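Subject: Structure handover

Hi,

Here is the structure we talked about. Please have it open while you read the notes below.

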Number of protein chains: 2
Amino acid sequence: MIDRTHDPRPTSWVASANTGGDFPIQNLPFGVFTPPAGGPPRGGVAIGAKILDLSAALKAGLFTGEARTAAEAAAGPALNPWMALTPRARTLLRQRLSDLLSGDNPARFQIEPLASRLLHDAEVCVMGVPAEVGDYTDFYAGIHHAENVGQLFRPDTPLLPNYKYVPIGYHGRASSIRPSGAPVHRPSGQRKPPELSVPEFGPSRSLDYELELGAWVGPGNALGKPVAIGDAGSHIVGFSLLNDWSARDLQAWEYQPLGPFLAKNFMTTVSPWVVTVDALAPFRVAQKARPAGDPRPLPYLWDDRDQAMGAFDIQLEVRLLTPRMRERSMPPEVIGRSNATDLYWTFAQLVAHHTAGGCNLRPGDLLGSGTISGPQEGSQGSLLERSQGGRKPIQLSSGEARAFLQDGDEISLSGSCGRGPGRIGFGRCSAVILG
Amino acid sequence: MIDRTHDPRPTSWVASANTGGDFPIQNLPFGVFTPPAGGPPRGGVAIGAKILDLSAALKAGLFTGEARTAAEAAAGPALNPWMALTPRARTLLRQRLSDLLSGDNPARFQIEPLASRLLHDAEVCVMGVPAEVGDYTDFYAGIHHAENVGQLFRPDTPLLPNYKYVPIGYHGRASSIRPSGAPVHRPSGQRKPPELSVPEFGPSRSLDYELELGAWVGPGNALGKPVAIGDAGSHIVGFSLLNDWSARDLQAWEYQPLGPFLAKNFMTTVSPWVVTVDALAPFRVAQKARPAGDPRPLPYLWDDRDQAMGAFDIQLEVRLLTPRMRERSMPPEVIGRSNATDLYWTFAQLVAHHTAGGCNLRPGDLLGSGTISGPQEGSQGSLLERSQGGRKPIQLSSGEARAFLQDGDEISLSGSCGRGPGRIGFGRCSAVILG
């Protein structure tokens, strides 16, 4: 199957798709939205500043054959059935959507007259979490983050002996995953700063963000049947941005021996659009070579093809908008920049490891990458790292300083692939800390 | 509301309910079953060796008013809607069921003539997991287990400084929860025994069980709205037995810093019947006094009423049947005995802690207690503890020894409250290790 959807040249008859935004015709991410008129949440595809209503497009008879079956799977209140499809079926649907929305394909004449019924202004729609997340796993594949944080929690052994062998991960909380825009309730919990002899309970004083990618899983595997590394990549449907909000004071006191719990489970924010692996195909790159001296991954994690094209060149940014900046109409300030190529493991390796013991993945499961920090100053994916555990607050152009997040602060993540024509982005992943 | 369902004297017109089994009329646990004729899984109530089909009983018009609404919530393919009900609604349904199934209540004459249609032989029905588990959390509330295991993993600091303050827990894997009877695939994974300089990959050599109780959650709370300790008990619907299968060699290598992952996520077994808090009311006891010198829990975890009656006197046993015992028609051998009163935290404390930071619980969530070990020899809830990390295999009456589980071994958990008339039990929680 030749995929013609990667050509950076085509434009869309939807004018707002041709203005350099996140959602040109080369992207076509899937999500779940509720239009302003209400009704049940439904599947849609972003094109420029519009959302194509798949359910309405189906009723209009715009899909046939396998593409129709795939559109039906993507039209409901959660994208799990679409994620359960084969990669081929998802690609066929994407190709049909590309044909329908292109400026230079005759299919445009089938859909354009119906535009007022089928396309909604994205700005007035409410986006949901794209799937019912059966299980959410958060990995720790950002080695620079692991080193930076390890340095703070365990100065003697920042990187534990297992790190370069085991794609470390833990099970996160599925119930508290929320789409971009939902506010964050500052969590309370126990903390025991060194100066206290017993712990105290109260609102976290060191609320933080974590810059991550979230990979959406499908079709998944049966219990007891591991996914081989060579097949593992085909179980990733696409990606969202993911903010793994973290309360560092609670985390430091609670995390041994079973890992983070209240420090993380109060909320996780995802961007509502699933940017598909098809859209990301032009931005696949080789996994970075491991530094000299690092061990080669064990065979169940090694695949030549995965090493050659299993990483993604996704530029990531974190922006902070404080209440003072808002008052003064200042723009949000970029406080972190990194790239998904800074991950130590590919997503295929994460899938192969997750299932190696027989654990079953289901369509709609979510895999967090772990915080993506780069090696250089300014590339850290959390305030914990940037402020060195709160000791060196970062200085903002508003004249303020931040060791950790304050009430009213808004954190926005962004992701972008390529530059110029064909550039695609991830859309919004923002949330305000409630005061 | 006076609850008359706790009197140990009544018997049922269902003869098999009066023979000392786990399911007398004082129990009436809820579950999901598929009858031998097939059809969709549906809600049922165990009575003796029978299962009352709630869907069929509804069609027969046996429920009215609030009890009818509650029966409808319990009649479907998963008990989540029933768990979402108020405790009062669940109690009303239970009282009606008790009236219908009693030998000395005139309601018997409404149902008894329909028995052949409404009651199925439990033995030929297939039981499922009682709810769709949105999130599964496993706690670590068995202090003797924590001490025993800590001794093996960290001889210097067996019980970490946070243990007596924080109800330690971690998020487990929901997708791999299976009902009693589903076999266990021995997981593969990485291990690094001390004699190796680098890890190796292969099937676990130290597969273990963990004897736990699982608490079913309902109605739950909204994100950002903690459940106060005084209300927390009302969010527990009932209990099942829970076997938190564990691969100790994988666990030892992977668990730092984010907790167990492949070591646990390959499977969790639950007994399929939800023994309700109503049925357990006569077996509520005071939480054991903390040993002298232990800190008093922080205020968000302290409630006088919870301390006075928040624990449950549930006797627990683990039995092992090896292939050799099976060949020789020997009965399973008891290899562990403990009691739920050995837990350091009440389930209300677990709920209050879980939600203290705003994390939302949903109906059908499952909370594992953590391994319940007692203080004395023979009361350990795992082989890891009983065999002291594998160094002292236990001797079986079959002449065999076990440091950890071997292929073909079957582990069965059992739970029981009271003795003689009114004794209730939890039913089967068994699984065989696949060879």
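P257(A) sits in the chain A loop between α9 (248–254) and α10 (262–265). Helices here are DSSP runs of H or I, at least four residues, and strands are runs of E, at least two, both numbered from the N terminus. The peptide bond joining Q256(A) to P257(A) is cis, with omega about 5°. Chain B has a cis peptide bond between Q256(B) and P257(B), also with omega about 5°. P257(B) lies in the chain B loop between α9 (248–254) and α10 (262–265).

This is a predicted model: local features need pLDDT of at least 70, side-chain atom pairs count only at pLDDT 80 or more, and totals for chains, interfaces and linings use all residues. Residues are numbered from 1 along each chain as its sequence is written, chains are lettered from A and ligands numbered from 1 in the order written, and side-chain values use heavy atoms, without hydrogens and water.

Next, positive phi in chain A. S329(A) is not a glycine, yet its phi is about 55°. S329(A) is in the loop between α13 (323–327) and β20 (333–339). S329(A) is exposed, at 64% relative accessible area. Exposed means over 50%, buried under 20%, partly exposed in between (1.4 Å probe, protein chains only).

Q388(A), also not a glycine, has a positive phi of about 50°. Its loop runs between α15 (383–386) and β22 (394–395) of chain A. Q388(A) is partly exposed, at 36% relative accessibility.

Last, how many residues of helix α14 (347–355) of chain B are buried? Nine of its nine. Among them are F347(B), L350(B), H353(B) and H354(B).

Best wishes
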